[in-house]
Amino acid sequence: MNKAQLPSIESSRIAHSIGTALDRFIKNNQDQFAFASGELSQLLRDIALASKVVNREVNKAGLIDLMGAMGTQNTAGDDQQKLDVLANIRFTRALAKGGEVCALVSEEAESYVDLNNEGRYVIAIDPLDGSSNIDVNVSIGTIFSVYRRKSPVGTPIQEIDILQAGSDQVAAGYVLYGSSTMLVYTTGHGVNGFTYEPTLGEYFLSHPNMRMPADGKIFSVNEGPSNSFSKPVKDYLQFCKDSHYTARYIGSLVADFHRNMLKGGIYIYPATAKDPAGKLRLMYECNALAFIAEQAGGVASDGAQRILEIKPERLHQRTPFYVGSKNMVEKALSF
Ligand code: FDP
C-alpha cells in the first residue's frame, strides 16, 4: 500500500473507523502521568479487565442464579446482592494479581484489604453501585478512586495511605453497565469515555475530552424524604420547578451522574432525617465523581466545601453530595 491511498481508506463509508482502543489510549497518554506511569497504566488495564468480567456476569444475571439478595449485609448495613459480592471478588482478584495495589477500600468490606506491601497505589472502590436496581434491569455501575501511597514502598500500610483527601487522587473513573457499557476515567488531564464493543471484547474511545455543560435543566434527587430536607434544599428544588426544569432520578448514582455529564444537570443527595450526614460514601462514591466532574468543568460540593477538600476520618464516611453543571451547582449553593 502506498501512502497516497491512506486518506481514502480512512474516510471510507464502507468501513467506519472504530476509534482508539483503551489499551492503546492508556499507552499513548501515560507520559502525562508524573510518577511510575507504567504501573498506573497496568492498574487501569486491570480495572478495565475486571469490569469486562463483571459486565458479562451482569448481562447473564437473569439466566443464572445471580439475581437477588445474598442474605448478608455490608458494613453500612445494606443488604448485599449476589452481584455486589461477585463484583467485589472480581475487582479485588484483578487488583491483587496485578501487584500495583497495596491496599483496597471497598464498600463491601468493613476494613481495608491489605494486598501487597510492594504496591504503590491505594484503591477505593464501589464494585457495584446502585444495587437496588440490579433485579429490575436498570443501569448500575462501578466507581473507583486511585491514590499513591504515602508511606515507603515495602513497609506495612498505614492510616495516612488510606485516609487521603479526594484532592490526592491520581486517577478516578466509573463503569456504567447501561444500554451499552462505558468506562469513563481521568488521570487529572481531562476526562475520556470508552464504549465496550462486546464482540471484540474491547473498550474504544467514543467520548474524547468530555466536558460537562456549564448549564442544564435536569435536576436529579430522591424527593421521597424531602420533608426532612433543609430549607435551602427545599427552596432550590422549588426554584427548579418554578423554572420548569426536568426531574430525572434513576436511583443509580453512576447513571444519574453520567446523564448529567452528557446533558447538563445537577445531582443532589442531601442530609435527611434518616441519613443526617447524607447517604453517599465519600471515599468510594463521591470523591471519584467529584474529581471527574471538576476535570470536566463541573462542580462537586457537600454544601459547604469542595468534596475534594474533605479529609476523611473513617473508611465508610458519608457526605451530602451536590454535583453537576457548574452554574446549576453554584446556584443551588447560593440558596
Ligand atoms: P443503592 O442504595 O441502590 O446502592 O449509594 C448507593 C445508591 O444506590 C446510589 O447509587 C443511588 O444514587 C442512591 O444510593 C439511591 O438512594 P435512594 O434509594 O435513597 O434514592
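Q: In this predicted model, which residue forms a salt bridge with R281, and how far apart are the closest N and O atoms?

A: Happy to start there! Side chains of opposite charge can pair when their charged atoms come close. Here the partner of R281 is E285, and the closest N and O atoms lie 3.8 Å apart. That pair counts because the cut-off is a nitrogen to carboxyl oxygen distance within 4 Å.

Q: Are R281 and E285 buried or exposed?

A: Both residues are buried.

Q: How many salt bridges does a search of the whole structure find?

A: The search gives 13 salt bridges. Let's look at another of them: D235 and K231 meet through their side chains, with an N to O distance of 2.7 Å.

Q: Where do D235 and K231 sit in helix α6?

A: Helix α6 covers residues 231-242, and the two residues are about one helical turn from each other because they are four residues apart in that helix.

Q: How do I read the accessibility of D235 and K231?

A: Take each one in turn. D235 has a relative accessible area of 30%, so this residue is partly exposed. K231 has 57%, so this residue is exposed.

Q: What about R306: which residue is its salt-bridge partner?

A: R306 pairs with E309, and their closest N and O atoms are 3.0 Å apart. R306 is partly exposed at 34% relative accessibility, and E309 is also partly exposed, at 44%.

Q: Which residues are linked in a network of salt bridges?

A: Good one to finish on: R56, E57 and R90 are joined in such a network.

Methods: Residues are numbered from 1 along each chain as its sequence is written. This is a predicted model: local features need pLDDT of at least 70, side-chain atom pairs count only at pLDDT 80 or more; totals for chains, interfaces and linings use all residues. Side-chain values use heavy atoms; hydrogens and water are left out. Buried means under 20% relative accessible area, exposed over 50%, partly exposed in between (1.4 Å probe, protein chains only).
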